[in-house]
Protein chains: 2
Amino acid sequence: MKKLINDPRAVVDEALAGVALAHPGLLTVHTDPAYIVRADAPVRGKVGLVSGGGSGHEPLHGGFVGHGMLDAAVPGAVFTSPTPDPILDATKAVDGGAGVLHIVKNYTGDVLNFETAADLAEAEDLQVRSVIVNDDVAVKDSLYTAGRRGVAGTVLVEKLAGAAAERGDDLDGVASVAERVIANVRSMGVALTAPTVPHAGEPSFDIGEDEIEIGIGIHGEPGRERVPIEPADGIVDRILVPILDDLPFSSGDRVLLLVNGMGGTPLVELYIAFRRAAQVLEERGIRLERSLVGNYTTSLEMQGFSLTLLRLDDELIELWDAPVQTAALRWGR
Amino acid sequence: MKKLINDPRAVVDEALAGVALAHPGLLTVHTDPAYIVRADAPVRGKVGLVSGGGSGHEPLHGGFVGHGMLDAAVPGAVFTSPTPDPILDATKAVDGGAGVLHIVKNYTGDVLNFETAADLAEAEDLQVRSVIVNDDVAVKDSLYTAGRRGVAGTVLVEKLAGAAAERGDDLDGVASVAERVIANVRSMGVALTAPTVPHAGEPSFDIGEDEIEIGIGIHGEPGRERVPIEPADGIVDRILVPILDDLPFSSGDRVLLLVNGMGGTPLVELYIAFRRAAQVLEERGIRLERSLVGNYTTSLEMQGFSLTLLRLDDELIELWDAPVQTAALRWGR
């Protein structure tokens, strides 16, 4: 596996230096400890939103810092939770007096370290609430997780809670939007190949030239089963049906469908998957209201994709359509 | 090489069906012959912009159809020029009475087929002008090209000419903006791996586990040389210096830097490349005014990237900042 890097131990720091140079008006990158905040942080009177986690999933989370989404993102080493220190610093940096919401993917290290940082922040009289994203229906417990893993549904939590904070909701209100998204979002993924962590230098797992892993995690954690590769429509059905049956999503529901590339899958293939998923929704009488297709929660250069389905209501649609200005998600009215 | 597809011959048609389902308010997909137009086409009184080329480079061009950019995109089969028929149909579909500009990447098939379509359109009394994008400094002639190839600089031509058309410039004015961008934009790329065309089933070229191809084309055409892989900073210098020396870009110039992923390169690596390129610009006294980092002109799942540098002036900056609403590039004021 060839990589476009210098020193494997400097990957995250050098990438953060690039982020700082590429987006100077939008965000500020702090070093020692490392975290990214929106350039105008703290925003007085607004609830601050902080997320973070291991690097290697870009644009999650740093690509979602900006107006209408996150106030700060805290990157750990590749596939490694950030420590409490930068989480605490980021929390203080974005506190505009209205409290701070931590959006945490459900991995044991992330949960513990965000919890410690929240305790330390509260000891300094900051008001902090936390939500845990656990949208992956593939497996109950996993390599780094008790309960379900948090995956690409996190992007939707960040967008919708971010829009709620931007319109002026208080901390309870923003947390309640985040909880409502978490309650209504489900995801599952597939891998065709394995990612290679730079300092490891070897693929995270072995997979045969004719096999795919159904229910893969975003750190290469095992899924439900390994099966021979088959046409795309069958692969989509294998992960969409468990998502639909889980909530469950029913006829008449309005949904947002995210087809998320894991890093190495061409866009043309993601649209082929989108086509099949939309057909299945149509057959079940589920109304496709909003769509997102692209690389939003990746696993380095892994070939594969995930589907995320969110049940919408009028308010969530309004929050989705609200303006957002980040490196990876941008739109105006 | 595993692919998320059904029938290799149906890849483009099925992906287009997905595009239609994902972006219904934004664009309309025509079949037999296949082309994509913005949903509100033709826009009365506005110059229409049409581009196109082989598929496999997504989001180029279909991802750039919408307000402030292209009016239509014409996709050929993977790595294959579209025929004159869909180009003619797309041209007629976007003619709002102010004429149509064809933006053509410099590949022999594209140039010939757009030329034929333009002749046929003019025979039906449409006013058509064409510009040829040839930003790749790597090689003079190539596998499918006389002269220099057109690569990721095309995205910038489409954005800036699209903004000029949107503000009401006439056909000569829009063509003149496009020509000014072409005169001031230069690119070069590197491959770490080869792409695999779905119906071929084998990588487009062989490359060793420790080699990279400097000056790669977006269809896997040979570049300048093959060298052993080295740290990212050295690779960036190998393609940035020829770009800088070609125009040349000089101290005091203001520029837009696009670090373009070829498909399979993680975003974290693109930002490492961005960091080095920005350092070199700084050393040379060149002012980085605007940035774009991500997968914009790809070669299926190929690992690699290209750098594109555009010399800016006040008007080009204003056109860059103008609102755009497409599937792959979106921002408001």
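Predicted model: local features only at pLDDT ≥ 70, side-chain atom pairs only at ≥ 80, totals over all residues.
Modeller: Residues are numbered from 1 along each chain as its sequence is written, chains are lettered from A and ligands numbered from 1 in the order written, and side-chain values use heavy atoms, leaving out hydrogens and water.

Colleague: How many residues of domain 1 of chain A are in contact with domain 2 of chain A?

Modeller: Contact means heavy atoms within 4.5 Å. By that test, 41 residues of domain 1 of chain A touch 42 of domain 2 of chain A.

Colleague: And what area do domain 1 and domain 2 of chain A bury between them?

Modeller: Buried area is the accessible area (1.4 Å probe) that two parts lose on being put together, summed over both. For these two domains of chain A it's about 3,500 Å², 65% of it on carbon and sulfur atoms. Phe79(A), Val137(A) and Leu156(A) supply 17% of what domain 1 of chain A buries against domain 2 of chain A, more than any other three residues.

Colleague: How many salt bridges are there between domain 1 and domain 2 of chain A?

Modeller: A salt bridge puts a side-chain nitrogen of Lys or Arg within 4 Å of a carboxyl oxygen of Asp or Glu. The count between domain 1 and domain 2 of chain A is four. Asp313(A) and Arg180(A) also meet in a salt bridge, at 3.0 Å, N to O.
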